[in-house]
Amino acid sequence: SVVSATGAIFGLVGATVVMARKMGGNHKVLYITCAVILVFAIIFGSWQAAIGGGLAGAAIAFTYLFGNGTERERRTRLLLAALVAVLLVLAVIRALIS
């Protein structure tokens, strides 16, 4: 197993991409940076952590973009709870397979 900060870094990258898309504009530099970071993650780190972290970061950022007030808070809590549940199930499956 690989221990690194790849997942955490890609979590931040995924969240940044979602927020940048919401803001609009030209994001070519951001996408090029993501591609370069992904290549380094594949070569030196864990590509699984990179993809998982990116998806988790994007999902969390996505929950903060929609709704307002109490509805957004409720939806955010539900989506974050669902994300934690999925990650726990995947961790248990991984532990049983190993």
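Ground rules. I'm working with a predicted model, where local features need pLDDT of at least 70, side-chain atom pairs count only at pLDDT 80 or more, and totals for chains, interfaces and linings use all residues. Residues are numbered from 1 along each chain as its sequence is written, and side-chain values use heavy atoms, with hydrogens and water left out.

Overall look. I found four helices and zero strands, taking helices as DSSP runs (H or I) of at least four residues and strands (E) of at least two, numbered from the N terminus. Along the sequence that reads α-α-α-α. The C-alpha atoms fill a box of roughly 40 × 35 × 15 Å along the principal axes.

Burial. I checked how much is buried (under 20% relative accessible area, 1.4 Å probe, protein chains only). The protein has 98 residues, and 23% of them count as buried.

α1 and α2. Helix α1 covers residues 6–23 and helix α2 residues 28–44; their axes come within 11 Å and cross at roughly 165 degrees. I took axes as lines fitted to C-alpha atoms over the stretch in contact, with angles from 0 to 180 degrees between N-to-C directions. The two helices are therefore roughly antiparallel, a label for angles over 145 degrees.

Who touches whom? I counted heavy atoms within 4.5 Å as contact. On the α1 side I noted Phe10, Val13 and Val17, among others, and on the α2 side Leu30, Tyr31 and Ile37 are included.

Terms used: Buried means under 20% relative accessible area, exposed over 50%, partly exposed in between (1.4 Å probe, protein chains only). Angles under 35 degrees count as roughly parallel, over 145 as roughly antiparallel, 65 to 115 as roughly perpendicular and the rest as oblique.
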